[in-house]
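I opened this structure for the first time today. These are my notes on what I looked up.

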Amino acid sequence: MLKERRLWLVVALFVGDTVAAVAALGAAFVVRFWTDLIPAPLGVPPLDPYLLLVLTLVPLHALSMRVVGLYEYRHERTKVDEAFLVAQGASLATVLLVASTFFIRTYSYSRVTILLFWVADIVAVFGARLGIRDIVRGMRRHGRFVRRALVVGAGPLGQEVVRRLRAHPEFGVRVVGYLDDQYPVGERIEGREVLGGCEAVTRILADYRVDQLFLALPMEAHAEMLKTLNAIEGELLDVKMVPDVLQFVTLRAAVEELEGLPVISLHQSPITGWNRLLKRGTDVILGGLGFLLLSPLLGLIALFVRLTSGGPVFYHQERMGLDGRSFRMHKFRSMQADAEAESGPVWAPDGDKRRTPFGRALRRFSLDELPQLWNVLKGDMSLVGPRPERPFFVHQFKTMIPQYMLRHKVKSGLTGWAQVNGLRGNTSLEKRIEYDLYYIQNWSVALDVKILLLTLYRAWQHRRAP
């Protein structure tokens, strides 16, 4: 039923997005040709070609919104995040729409109209989505389309069920309370009362007209679970079992099927399948563009490294990446040649005396990392992801820091969520892992773009630093 409720909202959002997009195209045509705001020296074109363009717009627009994740549910998404994703989706839809017009040889569409559509689409879609969510919230507040749920188990697992249902009012599920033998009747937990023990389940179902029952008992409460299932055998309600695996879940969990046998995957990265292809495509396009635009700067830095310190321009180092596979990472050399010849692998301290004067300037702005754009194009790395570490240190850290190896579930990055939050160099490893895991759990194209923009902003801030 949760999936049915989500489907209902997805359909509403799809209809709202589609109506908004068509209205945006119509508004763009009106502003361009039927008002005096923008001169039309060639006159007003016929409306028919633009009406035919709607047939192309609708599927491309829906696909674009799906690609950027606007039909997925993230309760932590703010209105700013939503607006950012809408802008992404509208931009992608506009690019695809322009590309589709190349196949229409008999008519040339107005570029100004397409540009106006892009702006109007962002505003209209975002406004429509805010309106739909306000309508849904209003309906829930008045008790419309709300299902009453009972949670069996008031422990950490049951509390998590209540928290997540409360965070998603669009599901239309209202928890009436808990049943648990281990808690006193009347105790309030997460804003809901313990209504009784497991033996009172049939009475509570009738008294509160419950539609759904969530079994959220710990593994050791097997007897109570069987007792509850036997008691509700003749009841007409939806029963949902929440497996007690939260303490083992560090990345996204997913339910798979093995010849009809349900299997729970505990450490599944969200960057798989279509998402993996999308991320790789973004890396190739933006990485290639960055490599071309920065080529003069790369050449200039290489020349200065050679002139100011002698020795090789580049420094190549083994790092550990996706699935624990090693690769050669490239950097501009910022230290003296053969800096680790005597010491071996060491963690570079702040103000390392082995750095060259020009190397200190490179490190200040992270310009020594720019050759890793080649690693991105080769597929060793991604533009955004956890920073790669040397195998020597990885073997140390994986025994010292819980969940350290989970950061290798995705490709290493040129920049990352930890780095834009100030966790670079000699900072807390535990905190870095926390930020890396947050990135993996909450990955989206919007988050990648946000990190790239923050990286440029941080570099600009360092320009003014003493």
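Where is the place of Leu-47? I found Leu-47 in the loop between helix H1 (2-34) and helix H2 (48-67). Helices (H or I, at least four residues) and strands (E, at least two) are DSSP runs, numbered from the N terminus.

Before going on, I noted the ground rules. Residues are numbered from 1 along each chain as its sequence is written, and side-chain values use heavy atoms, with hydrogens and water left out. The model is predicted, with local features needing pLDDT of at least 70 and side-chain atom pairs counting only at pLDDT 80 or more, while totals for chains, interfaces and linings use all residues.

**Entry: Leu-47 and its patch**

I looked up the cover of Leu-47. Leu-47 counts as partly exposed because its relative accessibility is 35%. The cut-offs are under 20% relative accessible area for buried and over 50% for exposed, with partly exposed in between (1.4 Å probe, protein chains only). Leu-47 also belongs to a nonpolar surface patch of about 470 Å², together with Val-30, Trp-34, Val-44 and Leu-51. Patch residues have over 30% relative accessible area and no salt bridge; nonpolar side chains (Val, Leu, Ile, Met, Phe, Trp, Tyr) are joined within 5 Å, like charges within 9 Å. A salt bridge is a side-chain nitrogen of Lys or Arg within 4 Å of a carboxyl oxygen of Asp or Glu. The areas come from the Shrake-Rupley method with a 1.4 Å probe, and for residues only the protein chains shown count as cover.

**Entry: Tyr-109**

Next I went to the loop between helix H3 (79-101) and helix H4 (111-141), where Tyr-109 is found. Is Tyr-109 buried or exposed? Tyr-109 counts as buried, at 12% relative accessibility. I then checked Pro-49, 60 residues apart from Tyr-109 along the chain. Their C-alpha atoms are separated by 8.3 Å. A polar atom of the Tyr-109 side chain lies 2.8 Å from the backbone oxygen of Pro-49.

**Entry: strand S1**

I moved to strand S1 (residues 147-152). Five of its six residues are buried. S1 runs parallel to strand S2 (residues 173-179), joined by six bridges. Two strands pair if DSSP finds at least two bridges between them. Arg-147 has Val-173 in S2 as its bridge partner. S1 also runs parallel to S5, with four bridges. There, Leu-150 is partnered with Leu-213.

**Entry: the S9 and S10 hairpin**

Strand S9 (residues 314-320) and strand S10 (residues 326-332) pair in the antiparallel sense over seven bridges. Met-320 stands opposite Ser-326 in S10. Five residues lie between the strands of this hairpin, and Asp-323 takes a positive phi near 60 degrees.

Most residues other than glycine have a negative phi. Glu-190 sits in the loop between strand S3 (188-189) and strand S4 (192-196). Glu-190 counts as partly exposed, at 27% relative accessibility. Arg-209 is not a glycine either, and has a positive phi of about 50 degrees. Its place is in the loop between helix H6 (201-207) and strand S5 (212-215). Arg-209 is exposed, with a relative accessible area of 60%.

**Entry: helix H12**

Which residues of helix H12 (residues 391-400) are buried? I listed Pro-391, Phe-393, Val-394 and Phe-397. Seen down the axis of H12, these buried residues fall within an arc of 145 degrees, so they line one face of the helix. The arc is that of the directions from the helix axis to the C-beta atoms. Thr-399 and Met-400 are exposed on the other side of H12.

How values were computed:
Polar contact = N/O pair within 3.5 Å; in protein donor to acceptor, adjacent residues only side chain to side chain.
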